[in-house]
Amino acid sequence: MIKGIGHTAYNVADMEKSLEYYCKVLGFTHAFSIPDKDGNPWIEYLQIGGQFVELFYGNPSPAAGCSYAHLCLEVDDIHEIADRLVQMGAPLDTPPMQGKDTNWQCWSHDPDGNRIEFMYLSETSPQSKALKG
C-alpha cells in the first residue's frame with residue numbers, strides 16, 4: 001500500500017539561499033521546476049538519491065522554523081489508500097485527482113492538523129523521469 005516517503009515539502013523565504021544550501025552545501029541535485037498556472041515560479045524539486053524535497057516559494061514568507069508544508073507518502077494504488085482512509089474514519093480532505101505534474105494524489109491530515117499527501121507516480125511525471133536519470 002504505502003511504498004515510502006515521496007517527499008517532504010517546505011515553504012521558503014529566500015529560494016536562492018535555500019537552493020544554495022540544499023544543492024551546494026548538502027549536495028542535493030536540482031531535479032526540475034514546476035510553475036504555477038500563470039507560468040510564475042512555484043515549486044523547485046531537489047533530489048537526493050531516490051528521494052525528493054519540494055521547496056515552495058513562500059508567500060508570505062514563513063517564520064523561522066515554521067516552514068513545514070506537508071509530508072508526501074508514495075503509494076502503489078491511490079484509490080486503495082483513499083478508500084482505506086474513509087473506511088478507517090480518517091479524514092479524506094481531497095479525493096484522488098491528477099495533479100499538474102501528472103501524478104495522482106489525495107490528501108488527509110493527522111490528528112494535529114499536519115497535511116499528508118498520498119501520491120501515485122505516473123510514468124510521465126517529472127519525478128519518474130528524474131528517477132530514471
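This is a predicted model: local features need pLDDT of at least 70, side-chain atom pairs count only at pLDDT 80 or more; totals for chains, interfaces and linings use all residues.

Biologist: Let's start with H1. Which of the residues of H1 are buried?

Modeller: Helix H1 covers residues 15-25, and its buried residues are Met 15, Ser 18 and Tyr 22. They span an arc of only 65° around the axis, so they sit on the same side of H1.

Biologist: Why does that spacing put residues on one side?

Modeller: An α-helix makes a turn every 3.6 residues, so residues three or four places apart point the same way.

Biologist: And which residues are exposed on the other side of H1?

Modeller: Over there, Glu 16, Lys 17, Lys 24 and Val 25 are exposed.

Biologist: What do the buried residues of H1 pack against?

Modeller: Their packing partners are strands S1, S3 and S4.

Biologist: How about the two ends of H1?

Modeller: At the start of H1, Asp 14 has a side-chain oxygen that comes within 3.1 Å of the backbone nitrogen of Glu 16. Just after the helix comes Gly 27, with a positive phi of about 85°.

Biologist: Nice. On to H2: which residues are buried there?

Modeller: H2 runs over residues 78-87, and the buried ones are Ile 78, Ile 81, Ala 82 and Leu 85. Their arc around the axis is only 100°, which means they are on the same side of H2.

Biologist: Which strands do the buried residues of H2 pack against?

Modeller: There are several: S1 (2-12), S5 (68-75), S6 (94-98), S7 (104-109) and S8 (115-120).

Biologist: Which residue caps the N-terminal end of H2?

Modeller: Asp 77 does, with a side-chain oxygen 3.0 Å from the backbone nitrogen of His 79. After H2 you'll find Gly 89, which has a positive phi near 80°.

Biologist: Switching to cysteines, how many disulfides are there?

Modeller: The count is zero. Cys 23 is in no disulfide, and the nearest cysteine sulfur, in Cys 72, is 19 Å away.

Biologist: Okay, what about Leu 73? Where does it lie, and is it buried or exposed?

Modeller: Leu 73 is in strand S5. Its relative accessibility is 16%, so Leu 73 counts as buried.

Biologist: Which residues is Leu 73 in contact with, leaving aside neighbours within four places in sequence?

Modeller: Those contacts are Ile 2, Gly 4, Ile 5, Gly 6, Ile 116, Glu 117, Phe 118 and Met 119. As for distances, the C-alpha atoms of Leu 73 and Thr 8 are 8.9 Å apart, although the two residues are separated by 65 residues along the chain.

Biologist: Now the largest pocket. How much space lies in it?

Modeller: About 270 Å³. It is lined by 16 residues, and the closest to its centre are Trp 42, Ile 43, Phe 56, Gln 105 and Trp 107.

Biologist: Which strand gives the most to that lining?

Modeller: S3 does, with three residues. At least two lining residues come from each of S3 (41-48), S4 (51-57), S5, S7 and S8.

Biologist: Last topic: the loop between S6 and S7. What about Asn 103 there?

Modeller: Asn 103 is in that loop, and at 0% relative accessibility it counts as buried. The side chain of Asn 103 makes a polar contact of 3.2 Å with the side chain of Ser 125. Beyond its neighbours within four places in sequence, Asn 103 has contacts that include Met 97, Gln 98, Tyr 120 and Gln 127.

Biologist: And what is the phi of Thr 102?

Modeller: Near 75°, which is a positive value in a residue other than glycine. Most residues other than glycine have a negative phi. Thr 102 also lies in the loop between S6 and S7, and it is partly exposed, with a relative accessible area of 25%.

Biologist: Is Gly 99 buried or exposed?

Modeller: Gly 99 counts as buried, at 15% relative accessibility. It has its place in the loop between S6 and S7 too, and its C-alpha atom is 9.4 Å from that of Met 119, 20 residues away along the chain.

Technical notes: Residues are numbered from 1 along each chain as its sequence is written. Side-chain values use heavy atoms; hydrogens and water are left out. Buried means under 20% relative accessible area, exposed over 50%, partly exposed in between (1.4 Å probe, protein chains only). Helices (H or I, at least four residues) and strands (E, at least two) are DSSP runs, numbered from the N terminus. The arc is that of the directions from the helix axis to the C-beta atoms. Contact means heavy atoms within 4.5 Å. A polar contact is a pair of N or O atoms within 3.5 Å; within protein, one must be able to donate a hydrogen and the other to accept it, and residues adjacent in sequence count only if both atoms are side-chain atoms. A disulfide is a pair of cysteine sulfur atoms within 2.5 Å. On a 1 Å grid over the protein atoms alone, a cavity is a set of points where a 1.4 Å probe fits but cannot get out, and a pocket is an open set with protein on both sides within 12 Å along at least five of seven lines; lining residues have an atom within 4 Å of a point. Grid points are joined across faces, edges and corners, and a volume is the space filled by probe spheres set on the points.
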